[in-house]
Amino acid sequence: MKIDAHQHFWKYDPIRDAWIDDKMNAIQRDFMPEDLQPELENNGLAGCIAVQATESKAETRFLLDLAERHTWVKKVVGWIDLRSRKIEIELEAYSPEVKLAGFRKILQSLPPEEMEDRALLKGIGHLEKYGYTYDILIYPKHLEAVYHLVKKFPNQAFVLDHMAKPDIKNGEFKIWNKGIKQLASLPNVSCKVSGMVTEADWENWQKEDFKPYLDAVAESFGVERMMYGSDWPVCLLAGSYTQVHDLAMDYFQKFSPAEQQMVFGENACRFYGV
């Protein structure tokens with residue numbers, strides 16, 4: 001089964017979604033399953049993993065409701081207040097939700113030292129018991145701090161979103177690569193091959209721009225811990241769904257058919273319990 005391991009849905013709210021500023025006017029509108037389904041079908045994908053874009057319980061409910069109505073929305077990565085004193089009660093309450101795979105807190109907007117927050121760490125520590133995954137959304141500056149965070153939870157399933165958003169536009173590589181190698185040394189972390197085009201020059205990127213970063217991730221994580229994601233509709237700022245899909249397909253052509261199946265579906269299905 002070919003799976004898109006990372007995409008979003010939303011009903012655009014200019015106040016709630018203030019992160020979508022005027023230079024992102026291409027995505028200042030609703031994006032719902034009926035918008036994504038043709039893109040998946042045109043590119044031979046059987047389903048997707050819907051990931052939270054807003055930090056609220058309502059967002060988790062919104063995505064779960066969509067997943068219930070659309071069988072091809074295979075799993076949901078929602079949001080939960082990991083710092084809540086009632087975290088275990090809330091996790092227990094979600095246990096009947098068969099399409100809820102895990103959670104994500106948007107760490108990229110926080111300083112690296114926040115990765116040492118006791119309440120946050122305590123919350124993450126409860127996820128394994130309930131079988132939930134954790135998506136890591138960070139920038140390169142967070143990589144070392146996240147390495148130390150992940151090291152505290154050797155049995156928790158983690159996945160790094162968007163390759164930690166390297167600054168592809170400016171060709172910054174060395175510090176990012178060092179952090180990627182360090183994080184990948186922990187066997188319970190996977191990596192999403194996603195979000196690349198929006199870290200490059202939106203108007204003028206070339207596929208060659210991404211090769212050093214893809215090579216580094218492939219070398220560090222190996223095909224067993226990589227999964228393709230479109231980051232639709234955010235990717236539309238810099239390219240169409242098909243362009244983003246083809247960019248990844250083109251790179252992985254040199255890999256065996258079995259390895260390609262891992263990156264484009266098997267790994268995501270195993271990780272998220274599809």
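**Note on pockets, cavities, core and aromatic pairs**

1. The lining of the second largest pocket divides into 5 nonpolar, 2 polar and 3 charged residues. This is a predicted model. The volume of that pocket is about 190 Å³. Its lining consists of Pro-112, Pro-140, Lys-141, Leu-143, Glu-144, Ala-145, Ile-175, Lys-178, Gly-179 and Gln-182.

2. Which helix gives the most to the lining of the second largest pocket? Helix 6 does, with 4 residues. Helix 5 (143-151) and helix 6 (174-184) each supply at least two residues there.

3. Now the largest pocket. Its volume is about 670 Å³. The lining has 26 residues. Trp-19, Met-24, Gln-108, Tyr-139 and Lys-165 are the ones nearest the centre. By class, 11 of the lining residues are nonpolar, 6 polar and 9 charged.

4. A probe the size of a water molecule, rolled over the atoms, shows where empty space is left. The structure has 2 cavities of 30 Å³ or more. The largest cavity has a volume of about 70 Å³. It is lined by 13 residues, and Ser-194, Gly-195, Met-196, Gly-229 and Val-244 lie nearest its centre. Of its lining, 7 residues are nonpolar, 5 polar and 1 charged.

5. The second largest cavity holds about 40 Å³ of space. Its lining is made of Phe-9, Trp-10, Arg-16, Asp-17, Trp-19, Ile-20, Ala-53, Thr-54 and Glu-59. That gives 5 nonpolar, 1 polar and 3 charged residues. Trp-19 lines this cavity and is also one of the residues nearest the centre of the largest pocket.

6. On packing, nonpolar side chains in soluble globular proteins tend to be buried together. Here the largest nonpolar core has 88 residues. Phe-9, Val-150, Phe-158, Met-163, Trp-176, Leu-183 and Phe-210 have the most contacts inside it. Another core lies apart from it, with 12 residues, including Ala-5, Ile-49, Ala-101 and Met-227.

7. Phe-158 deserves a look in the viewer. What does Phe-158 contact, leaving aside its neighbours within four places in sequence? Ile-124, Tyr-134, Ile-136, Leu-149, Val-150, Phe-153, Asn-188, Val-189, Ser-190 and Phe-271. Among these, Val-150 also belongs to the residues with the most contacts inside the largest core.

8. Aromatic pairs number 17 in the whole structure. Why does the pair of Phe-31 and Trp-232 count as edge-to-face? The ring centres are 5.4 Å apart and the planes stand at 85 degrees, so the pair falls in that class. Planes over 60 degrees apart are counted as edge-to-face.

9. This pair links distant parts of the chain, 201 residues apart. Phe-31 sits in the loop between strand 1 (3-7) and helix 1 (33-42). Trp-232 sits in the loop between strand 8 (226-228) and helix 8 (241-252). Buried here means under 20%.

10. Tyr-251 and Phe-255 make a tilted pair, with 5.9 Å from centre to centre and 45 degrees between the planes. Tyr-251 is buried, at a relative accessible area of 9%. Phe-255 counts as buried at 16%.

11. One aromatic cluster joins several of these points. Its members are Phe-9, Trp-10, Trp-19, Phe-31 and Trp-232. Phe-9, Trp-10 and Trp-19 also line the second largest cavity.

Definitions and conventions
Residues are numbered from 1 along each chain as its sequence is written. This is a predicted model: local features need pLDDT of at least 70, side-chain atom pairs count only at pLDDT 80 or more; totals for chains, interfaces and linings use all residues. Side-chain values use heavy atoms; hydrogens and water are left out. A nonpolar core is a set of buried Ala, Val, Leu, Ile, Met, Phe, Trp, Tyr and Cys residues joined through side-chain atoms within 4.5 Å. Buried means under 20% relative accessible area, exposed over 50%, partly exposed in between (1.4 Å probe, protein chains only). Contact means heavy atoms within 4.5 Å. On a 1 Å grid over the protein atoms alone, a cavity is a set of points where a 1.4 Å probe fits but cannot get out, and a pocket is an open set with protein on both sides within 12 Å along at least five of seven lines; lining residues have an atom within 4 Å of a point. Grid points are joined across faces, edges and corners, and a volume is the space filled by probe spheres set on the points. Ala, Val, Leu, Ile, Met, Phe, Trp, Tyr, Cys and Pro count as nonpolar, Asp, Glu, Lys and Arg as charged, and the others, Gly among them, as polar. Rings of Phe, Tyr and Trp (its six-membered ring) pair if their centres lie within 6.5 Å; planes under 30 degrees apart count as stacked, over 60 as edge-to-face and the rest as tilted.
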